[in-house]
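Colleague: I have a few questions about how the terms are applied here. Can we go through them one by one?

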There are 2 protein chains.
Amino acid sequence: MSDLTAVDVAVSPETKFREYLMTQGMRLTTERETIVREVFASHEHFDADQLVSRLNQRTDGKRVSRSTVYRALAQLKDSGLLRAVARPNDREVYEHDYGYPQHDHLICKECGDLIEFVDDSLNEMLSRVAAQNGFRISAHRLEVYGKCANCCRPKRRQRKTDMI
Amino acid sequence: MSDLTAVDVAVSPETKFREYLMTQGMRLTTERETIVREVFASHEHFDADQLVSRLNQRTDGKRVSRSTVYRALAQLKDSGLLRAVARPNDREVYEHDYGYPQHDHLICKECGDLIEFVDDSLNEMLSRVAAQNGFRISAHRLEVYGKCANCCRPKRRQRKTDMI
DNA sequence: TTTCGTGCAAAGCCTTTGCATCCAT
DNA sequence: ATGGATGCAAAGGCTTTGCACGAAA
């Protein structure tokens, strides 16, 4: 992800997941633990398929079936550990919703890059609008589409990370 | 839709659609014309399936196949006449993007109602963020999830349009 | 005639689910 | 022993596409 600062959290994702599962009469199985760890091993955005691939590449034999991954993703979302942020290619894209500050995204239509940003005035605006409509907000999703700085500039060839 | 005021437009949706199609070397066929008219006959949000149903209920024999509807929706989107606004039940939901002011939505998780709103500070914020990131915005989608006024209040039974 | 469009049915794609087997308590 | 969990394969649900026929220029 970008340069947003991680937030201090009291307990690890595994623990938080276990606590959630317990409230649902479920257990933190080996598979589910493997998945949470893999999910929180990196701050990148990912979709179900990418997660499955990452799990399949493991050499420690801790593979998990696709079904279990999908089931776990739903549980991670319900537990507040993950959040669905976009659906670029008809695939749900997830990101950490635990230990990470709330933010929104600029989405480049050319290279698909997701740029995170935070702006307080958005929340002020949302509160105002909610009040005006007697609406009780539980969440929001703001996706800003366009062209990122890199894709905007005149290109000889496309350069990914420039300025070396 | 809600109480947003329609914007004056120079040409009809049909005309605008025809113009777009011509630039693509396509024609405004009877089917496509039937679809644009049906789409712009009402300001409600709709999904592909609802549009197909509306077209199937016609008694004037002007029915259109599902494939053609899907193809036309893509063209209407490309032409700037329609915009995809949400995807509540895995169905893409569309609304008019022509002759209607730009706005965003409060989406009630209980009853599924879409409430439109406009707030200038959002655009100010977006411009600022875009500038900071060297990002060129082409569009945005803001979905605010929660509970609408109607669903919030203590209910004996659920009432749709109250206060009679 | 030639190109574009339509309709039908089949295929695609991501995701969900039925079901038999397994595992931990 | 027992209820939840996993994996596989099949089913689902929306959307897209191949293809032959039809219509307009």
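Colleague: What makes β2(B) and β3(B) a pair of strands?
Modeller: Two strands pair if there are at least two bridges between them. In this predicted model, four bridges join β2(B) to β3(B), residues 93-96 of chain B. Four meets the cut-off, so they pair. The two strands run antiparallel. As one example, B:A86 stands opposite B:V93 in β3(B).

Colleague: Why are β1 and β2 of chain B said to stand at the edges?
Modeller: The open sheet has three strands, in the order β1-β3-β2 (chain B), with antiparallel pairing. β1 (46-47) and β2 (82-86) each have a single partner strand, so one side of each is left without a neighbour in the sheet.

Colleague: How do you know that β6 of chain A and β6(B) pair?
Modeller: The cut-off is at least two bridges. Strand β6 of chain A, residues 136-147, and β6(B) pair over eleven bridges, in the antiparallel sense. Eleven meets the cut-off, so this is strand pairing between the chains. A:R141, for instance, has B:E143 as its bridge partner in β6(B).

Colleague: Why is the contact of A:R128 and B:D119 called a salt bridge?
Modeller: The rule asks for a side-chain nitrogen of Lys or Arg within 4 Å of a carboxyl oxygen of Asp or Glu. The side chains of A:R128 and B:D119 meet at 3.1 Å, N to O. That is within 4 Å, so the name applies. The count between chain B and chain A is two salt bridges. The interface also has 14 residue pairs in polar contact.

Colleague: Which elements of chain B supply the side that touches chain A?
Modeller: β4 (104-108), β5 (114-117), α5 (120-133), β6 (136-147) and α6 (149-152) each supply at least two residues. The largest share, twelve residues, comes from β6(B). By class, that side has 18 nonpolar, six polar and nine charged residues.

Colleague: What area is buried between chain B and chain A?
Modeller: About 2,900 Å², of which carbon and sulfur atoms give 61%. In contacts, 33 residues of chain B meet 33 residues of chain A.

Colleague: How do you know that the residues under the UniProt "binding site" annotation cluster in space?
Modeller: The annotation, from an unreviewed entry, covers A:C108, A:C111, A:C148 and A:C151. They are spread over 44 residues of sequence, yet the largest C-alpha distance is 8.2 Å. One of them, A:C108, lies in strand β4 of chain A, residues 104-108.

How values were computed
Residues are numbered from 1 along each chain as its sequence is written. Chains are lettered from A and ligands numbered from 1 in the order in which they are written. This is a predicted model: local features need pLDDT of at least 70, side-chain atom pairs count only at pLDDT 80 or more; totals for chains, interfaces and linings use all residues. Side-chain values use heavy atoms; hydrogens and water are left out. Contact means heavy atoms within 4.5 Å. Buried area is the accessible area (1.4 Å probe) that two parts lose on being put together, summed over both. A polar contact is a pair of N or O atoms within 3.5 Å; within protein, one must be able to donate a hydrogen and the other to accept it, and residues adjacent in sequence count only if both atoms are side-chain atoms. Ala, Val, Leu, Ile, Met, Phe, Trp, Tyr, Cys and Pro count as nonpolar, Asp, Glu, Lys and Arg as charged, and the others, Gly among them, as polar. UniProt positions are given in the numbering used here, feature names are shortened, and annotations may be inferred rather than shown by experiment.
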